[in-house]
Amino acid sequence: MARQNAEEFFYSVGSRFTNIQRPQRILRARAQFGHYALTPSGIYNDTSIWLAIGPDSARLFGDEGIFSVDRYLVSAKLSTDPPDALTESREIVRLRRLSYNDYEWFTNVEVAIGRIGAKSIADVIAASLQGGEGKTATEVRANYVNAFPRAGAALGRLFTIDTLRVTPDAEGATTYDIAIKLTPDILKATMPHYAAYIDKYISKGKYRITLTDKTGAHWFDAWAANYYMHFRMRSKGGHFAPLDAAVRPMPPSLSIHVDMAMKILLFTVGWTDMVGDFDIIDTPHERGWSMRFAKEPDWHLPPTVGTLLKSPLRRPFQGGGIPVRISVRDNPGSQTILNRRGALVVQESGVLRFLNRLSGTAVGDFLGPSEREANRFNADAFRALRIDVAELLR
């Protein structure tokens, strides 16, 4: 069963990145969604994009994909049924006008990943954490090098584990400190457009994600800057433990803190102290995370933009805030579904038009050759993982 679950999972996820074929209507819709994400009035009445209009005048778009022979075929289609065949996927995009200049985006993506149970996905994460406990960094490195030679080679074109510290403590827990270096200079030999995009946008960005509980204890810390991604976590028996407090079970509700800064063209934009609720989904047939951001962060904008009215930037965090949900949901007898969905309310304004031009530039630079090479990189990595794991489970 483990062999079958692994084969189906890696085959399905990897297939979604393999030689993707999209008709022109979908290509244009994706480009327009990126270009008008923060100023949706520009596409709300574009009949060449939407497939239907809902009873509340919401605009609806959808697509459906499935792997066939050597390519992933995507077609424009609206469907409310979940995927029911391996590699099949569904996506729904809904744009609803709330008032004169307020709009609500909603997206829902579902991917069939085989018959693996949701609990088994969580068990794999737990086993991965437990696998390094009580070992030295040298032993951990030797383990993953020997276990995943093909995946290591595929991922090694862009990622190098620069630092790996494994620190056991008196409570029997182990703290992991990992620093991964991005190496687009290596990647550009085979994927020059993707490497150039990473050099232009990703390498110059700064990010931080932290999970804390109501006592202030840290459960996970990740940050990135200057070609490096850092991760810090602690576990005991395959279960997360607080980084700076006594070992105890992870509570079902945490707080997530997100900082971000990115340079686009001549401008650096971003925020600090975006705080949201982070709830762990743990039911008999579903595992995942549910987040909601209802607190406006501290914005960091160019001085000229700072003079513009900032109240529209508060709009997404009002009411229900910004919900994001990622989960794996199984249904005995049918396909297990990897699901991602979220919503965003925007209020059009001068400052959003400025930010939209910047984000549209970044999205536009990715669509095309950069995205095709990124998909090929991901497909190679999942194909290599599929073979490595099959070897391990023989």
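The structure holds 15 aromatic pairs, counted where ring centres of Phe, Tyr or Trp (its six-membered ring) lie within 6.5 Å; planes under 30 degrees apart are stacked, over 60 edge-to-face and the rest tilted. The model is predicted, so local features need pLDDT of at least 70 and side-chain atom pairs pLDDT 80 or more, while totals for chains, interfaces and linings use all residues. Residues are numbered from 1 along each chain as its sequence is written, and side-chain values use heavy atoms, with hydrogens and water left out.

**View 1. Tyr44 and Tyr103 form an edge-to-face aromatic pair.** Tyr44 is buried at 6% relative accessible area, and Tyr103 is buried at 3% (buried is under 20%, exposed over 50%, partly exposed in between; 1.4 Å probe, protein chains only).

**View 2. The charged end of Arg59 sits over the ring of Tyr44.** The distance to the ring centre is 3.9 Å. For such a contact, NZ of Lys or CZ of Arg must be within 6 Å of the ring centre and within 35 degrees of the ring normal. Arg208 likewise lies over the face of Trp223, 4.7 Å from the ring centre.

**View 3. Phe278 is buried, whereas its ring partner Trp289 is partly exposed.** Relative accessibility is 8% for Phe278 and 39% for Trp289. The pair is tilted because the planes stand at 35°, with the centres 6.5 Å apart. Phe278 lies in strand S14 (residues 267–283) and Trp289 in strand S15 (residues 286–293), so the pair ties together parts 11 residues apart in sequence.

**View 4. Phe9, Phe10, Phe17 and Phe382 form a cluster.** The four residues are linked through ring pairs.

**View 5. The second largest pocket holds about 340 Å³ of space.** A pocket is an open set of points on a 1 Å grid over the protein atoms alone, where a 1.4 Å probe fits, with protein on both sides within 12 Å along at least five of seven lines; lining residues have an atom within 4 Å of a point. Grid points are joined across faces, edges and corners, and the volume is the space filled by probe spheres set on them. Of the 18 lining residues, Ile20, Arg22, Glu371, Arg372 and Asn375 are the closest to the centre. Helix H12 gives the most to the lining, with 7 residues.

Key. Helix = DSSP H or I, 4+ residues; strand = E, 2+ residues; numbered from the N terminus.
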